[in-house]
Amino acid sequence: MPEMSLGVTLAVLGAALLHAAWNAMLKGGRDTTLDMAIVVAGSGLAAVPFLPFLPLPARESWPYIAASMVIHIGYYTALVGTYRAGDLSHGYPLMRGVAPLLVASFGVLALGEVPGLWMGLGILLISGGVIAIAFIGGASWLHNPRATAWALANAALIACYTLVDGAGVRLSGSAAAYAGWMFFLDAFPYFLIVAWLRRGELVPYALRHWGRGLAGGAASAAAYAIALWAMTQAPVAAVAALRETSVIFAAILGAWLLKEPFGRARLAGAAAVVAGVIALKS
């Protein structure tokens with residue numbers, strides 16, 4: 001697997017911004033559970049116009065798509081739990097910072113990818129800076145253990161679906177086909193589960209806020225589709241780490257839109273993330 005090129009790096013950074021944007025929208029919504037459901041549905045709807053032009057993924061990749069869909073149900077549930085329990089600027093960096101460390105550790109066994117010196121240093125710097133941002137400003141696990149527990153659980157789920165999709169997309173024959181069909185099929189289970197749990201609420205809410213769901217879903221689908229493509233071009237652990245630069249964008253959006261604290265200490269964490277990006281490119 002080649003090192004990460006400049007083009008792949010820029011694409012993943014763009015995906016990171018999209019990912020931070022839809023997470024900020026989710027955290028700032030009126031009802032996190034219902035908003036999560038309409039974003040998931042929006043991702044599926046965003047994929048529909050592309051499906052007639054996409055081939056079916058190779059047969060070998062379908063078990064990975066099925067496994068990813070199951071894992072994503074847990075991911076959506078834990079994401080809702082994280083944001084209901086704490087701030088975007090605490091939960092988001094924590095779950096996104098721990099996940100690349102897990103991916104790098106288990107990626108050696110699952111995918112046979114052993115990071116080189118600079119890549120390993122870059123992953124450590126990005127993850128360390130991201131985790132530091134989560135614990136700055138008094139938002140520690142001592143102050144909000146529930147949010148921390150949800151975020152750590154989600155970090156494990158993020159690592160699981162990243163490894164599953166990293167393997168699956170390489171077997172699919174087409175990153176676009178894998179992403180398109182996965183997002184389309186993934187739109188149904190979680191939406192139906194929430195529709196059953198919140199009977200009489202979800203459909204009227206979706207009709208009122210369909211634009212929000214479609215915009216968030218399109219951003220979510222585009223962000224992960226770019227990441228899936230990048231996993232066919234560069235080591236999965238490096239892509240997973242670089243995606244977490246989204247935390248810098250999330251911290252800025254949290255401070256700007258949600259009035260969460262952002263100061264010099266978080267800038268230091270952001271600097272570590274930037275240093276990690278530079279190390280990945282060395």
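Predicted model: local features only at pLDDT ≥ 70, side-chain atom pairs only at ≥ 80, totals over all residues.

Guide: Let us begin with a term. On a 1 Å grid over the protein atoms alone, a pocket is an open set of points with protein on both sides within 12 Å along at least five of seven lines, whereas a cavity is a set where a 1.4 Å probe fits but cannot get out; lining residues have an atom within 4 Å of a point. Grid points are joined across faces, edges and corners, and a volume is the space filled by probe spheres set on the points. Residues are numbered from 1 along each chain as its sequence is written, and side-chain values use heavy atoms, with hydrogens and water left out.

Visitor: What makes up the lining of the second largest pocket?

Guide: It has 13 lining residues, and T33, T77, V80, R84 and Y190 lie nearest its centre. Helix 3 gives the largest share, 5 residues. Helices here are DSSP runs (H or I, at least four residues; strands are E, at least two), numbered from the N terminus.

Visitor: How do you know how nonpolar the lining of the largest pocket is?

Guide: Ala, Val, Leu, Ile, Met, Phe, Trp, Tyr, Cys and Pro count as nonpolar, Asp, Glu, Lys and Arg as charged, and the others, Gly among them, as polar. Sorted that way, the lining of the largest pocket has 13 nonpolar, 1 polar and no charged residues. The volume of this pocket is about 270 Å³.

Visitor: And what about the cavities?

Guide: Among the residues lining the largest cavity are H19, W22, Y76 and R243. Helix 3 gives the most to that lining, with 3 residues. The second largest cavity, of about 50 Å³, has W22 and Y76 in its lining too, along with others including M36 and D186.

Visitor: Why is V48 called partly exposed?

Guide: Buried means under 20% relative accessible area, exposed over 50%, and partly exposed in between (1.4 Å probe, protein chains only). V48 has 37%, so it is partly exposed. You can find V48 in the loop between helix 2 and helix 3.
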